[in-house]
Amino acid sequence: MSDIQPKCRCEFCGAWTVNVGWKICDRCREIEEGSPAIGDMLRALSEMREKYLDLVWYARSSPRDRDAARRRAAVKTVYPQEVAELSNPVSGDFHYGFHSGVLAGLRFVAAAMTEGVEAAKAKFADLNT
Ligand SMILES: [Zn+2]
């Protein structure tokens with residue numbers, strides 16, 4: 001039997017998890033089964049986290065990076081107003097800071113709900129892209 005297990009990211013909390021056919025990790029599945037309303041909130045948190053991850057990544061990526069061109073174009077298509085704001089020479093830094101703060105806060109909440117408050121504090125502020 002192989003030691004290599006397929007892994008994927010939990011769609012709710014973003015943690016790496018062994019893929020057993022679920023798109024979410026066991027902990028998030030338990031939370032969702034225990035409270036569908038909290039499951040809905042985790043889903044919304046995940047969507048917002050993806051948005052702000054894309055925007056922070058976009059701001060850090062280089063327009064000269066050919067490997068990033070496709071993803072940059074996709075982010076620009078999905079979030080045209082936010083990308084225009086990032087490109088503003090006067091207020092771009094403010095928007096980048098705002099997006100980074102939102103991403104860190106959303107990651108903190110998701111980690112606190114799924115891994116506990118202490119784990120969330122230890123990871124804060126996770127701004128890896
Ligand atoms: Zn999870």
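Student: How do α1 and α2 pack?
Tutor: α1 and α2 pack at an angle of about 130°, their axes 5 Å apart. Helices are DSSP runs of H or I, at least four residues, numbered from the N terminus. Axes are lines fitted to C-alpha atoms over the stretch in contact, and angles run from 0 to 180 degrees between N-to-C directions.

Student: What does that make α1 and α2 to each other?
Tutor: Oblique, therefore. Angles under 35 degrees count as roughly parallel, over 145 as roughly antiparallel, 65 to 115 as roughly perpendicular, and the rest as oblique.

Student: Is this model predicted or something else?
Tutor: This is a predicted model: local features need pLDDT of at least 70, side-chain atom pairs count only at pLDDT 80 or more, and totals for chains, interfaces and linings use all residues. Residues are numbered from 1 along each chain as its sequence is written.

Student: Which residues make the contact of α1 and α2?
Tutor: C28, I31 and E32 of α1, with P36, I38, G39 and L42 of α2. Contact means C-beta atoms, placed from the backbone, within 7 Å.

Student: New topic. What does F12 touch?
Tutor: F12 touches I24, C28, L42, R43, S46 and A110, leaving out residues up to four places away in sequence.

Student: And how do α4 and α5 pack?
Tutor: α4 (residues 80-87) and α5 (residues 92-115) pack at about 125°, with axes 6 Å apart. That makes α4 oblique to α5.

Student: Which residues meet there?
Tutor: E85, L86 and S87 in α4 meet G92, H95 and Y96 in α5.

Methods:
Helices (H or I, at least four residues) and strands (E, at least two) are DSSP runs, numbered from the N terminus. Two residues are in contact if their C-beta atoms, placed from the backbone, lie within 7 Å.
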